[in-house]
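Reader: Could you walk me through a few local features of this one? I'd like to go residue by residue and then look at a helix.

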Amino acid sequence: MIWPIALVHQIHALRISREIGDKRSEGRTLGNLGIAYSDLGYKQVAQGFYTEAQEIATALGDLLHVGIWLHNAGEDALGFDGSRGQQLLQDAIKVFRDLGKADLAAESESILAAAASRNSGASL
């Protein structure tokens, strides 16, 4: 099992980032922790890490990572809070479009479309 080992290293990296005041590293490590928890199935736990990572990225003006953390949080949230997940993905799409990142916007749009398709099929 690689994820438990990765979590230990990421938590250690987070502590170091905070100790030395490296906000960029702290934000990216928080986002990586979100990814790890999400992959382990703890999607709601991941939300807190994504939110913290997004807040740091926003404060640093790192809009690419703002979009990435919005996208990850939105994709995960679709499984337990569909409307929130959709809003987060729409926010990510706007960020990606503003940055000229059509490929990333398209990925978020694809996930939204798949979720809409699943939801419309469930009501038939």
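Author: Before we start, contact here means heavy atoms within 4.5 Å, and please keep in mind that this is a predicted model.

Reader: Fine. Which residues does Gln47 touch, not counting those up to four places away in sequence?

Author: Leaving those out, Gln47 touches Ala73, Asp76, Ala77, Phe80, Arg84 and Leu88. Gln47 itself is found in helix 3, which covers residues 43–60.

Reader: And is Gln47 buried or exposed?

Author: Gln47 has a relative accessible area of 7%, and because buried means under 20%, Gln47 counts as buried.

Reader: Phe80 was in that list, so where is Phe80 found?

Author: Phe80 is found in the loop between helix 4 (63–77) and helix 5 (82–98), and at 34% relative accessibility it counts as partly exposed. Setting aside neighbours within four places in sequence, Phe80 is in contact with Lys43, Gln44 and Gln47.

Reader: What separates the C-alpha atoms of Phe80 and Lys43?

Author: Those C-alpha atoms are separated by 8.6 Å, while the two residues are 37 residues apart along the chain.

Reader: Switching to helix 2, how many residues does it have, and what does it reach from first C-alpha to last?

Author: Helix 2 (residues 23–39) has 17 residues and reaches 24 Å, which is close to the 24 Å expected at 1.5 Å a residue. Its buried residues include Glu26, Leu30 and Leu33.

Reader: What about the two ends of helix 2?

Author: At the start of helix 2, a side-chain oxygen of Asp22 reaches to within 3.4 Å of the backbone nitrogen of Arg24, and just after helix 2, Gly41 takes a positive phi of about 100°.

Definitions and conventions
Residues numbered from 1 in each chain as written. Predicted model: local features only at pLDDT ≥ 70, side-chain atom pairs only at ≥ 80, totals over all residues. Heavy atoms only, no water. Helix = DSSP H or I, 4+ residues; strand = E, 2+ residues; numbered from the N terminus. Buried < 20%, exposed > 50% of the residue type's maximum accessible area, 1.4 Å probe, protein only. Expected span 1.5 Å × (residues − 1). Polar contact = N/O pair within 3.5 Å; in protein donor to acceptor, adjacent residues only side chain to side chain.
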